[in-house]
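Hi everyone, thanks for having me.

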Amino acid sequence: MALLPILRYPDPRLKKVATPVTQFDDKLAKLTQDMAETMYAAPGVGLAATQVDVHKRVIVIDVSEESNKLMVFINPEIIQTSAECKSYDEGCLSVPGFYEAVERPATVKVRAQDVKGEFFEMECDELLAVCIQHEMDHLNGKVFVEYLSQLKQTRIKTKLKKREKEEQA
Ligand code: K1U
Ligand code: ZN
């Protein structure tokens, strides 16, 4: 297994729209394993392939208390959303150190394929609902800060650039 470098906002590669997976082979299995290792090491509760510069529709998530319930979603689609919305303080491994409130549908039903290509459906609520919507945004080239005001987006970009310079010095 391997740890993959995570792209940092505002890297333009985070804006790419991921394409569907068509080959359910060993290469895909290895990608999901490497993504899981990268997510656990970060640490985080989710990771989209976009964030590791692979522009395929692949997501890994583990929102369990003991980080032992890995879920893999290939070609995920949201097929139902609740009318009720909830706000959650979201974080992002591509925007390290920033947590901001984002409002999204409280529950969603997802249809996806597993690593072998088998279709499944899942009802998601609580953190899982937040996380799957956040990760699907990544696959569509959207980072959660885009839900914030222009002022907040600019402040986050400025702080991240300053931090990057300090890290390089
Ligand atoms: O997509 C990502 O960058 C992963 C992101 C997922 C997420 C978390 C919370 C709300 C929405 C989306 C993260 O995992 S950020 C880190 C984080 O939430 C966390 C880190 C350590 C322990 C528990 C949570
Ligand atoms: Zn993210």
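I'll start with the metal site, then go through the backbone, and finish with some rings.

Quick housekeeping first. This is a predicted model, where local features need pLDDT of at least 70, side-chain atom pairs count only at pLDDT 80 or more, and totals for chains, interfaces and linings use all residues. Residues are numbered from 1 along each chain as its sequence is written, chains are lettered from A and ligands numbered from 1 in the order in which they are written, and side-chain values use heavy atoms, with hydrogens and water left out.

Okay, the metal. Which residues coordinate the zinc ion (ligand 2)? They are Cys92 through SG, and His134 and His138 through NE2, at 2.1 to 2.3 Å. A donor here is an N, O or S atom within 2.8 Å of the metal (3.2 Å for Na, K and Ca); water is not among the atoms, so sites may look incomplete. Along the sequence, the donor residues follow the spacing C-x41-H-x3-H. His134 and His138 sit four residues apart in helix 2 (residues 126–139), so about one helical turn separates them. Helices (H or I, at least four residues) and strands (E, at least two) are DSSP runs, numbered from the N terminus.

Are those histidines buried or exposed? His134 is buried at 6% relative accessible area, and His138 is buried too, at 0%. Buried means under 20% relative accessible area, exposed over 50%, and partly exposed in between, using a 1.4 Å probe and protein chains only.

Now the backbone. The peptide bond from Tyr9 to Pro10 is cis, with omega near 5°, and Pro10 is in the segment before helix 1 (26–41). Ala42 to Pro43 is also a cis bond, with omega near -5°; Pro43 lies in the loop between helix 1 and strand 1 (46–48).

Then there's Glu126, which isn't a glycine but has a positive phi of about 50°. Glu126 lies in helix 2 and is exposed, at 54% relative accessible area.

Last, the rings. Rings of Phe, Tyr and Trp (its six-membered ring) pair if their centres lie within 6.5 Å; planes under 30 degrees apart are stacked, over 60 edge-to-face, and the rest tilted. That rule gives one aromatic pair. Phe73 and Phe120 make a tilted pair, 5.8 Å centre to centre with 45° between the planes. Phe73 is in strand 3 and Phe120 in strand 7 (residues 119–124), 47 residues apart, so the pair links distant parts of the chain. Phe73 is buried at 0%, while Phe120 is partly exposed at 23%.
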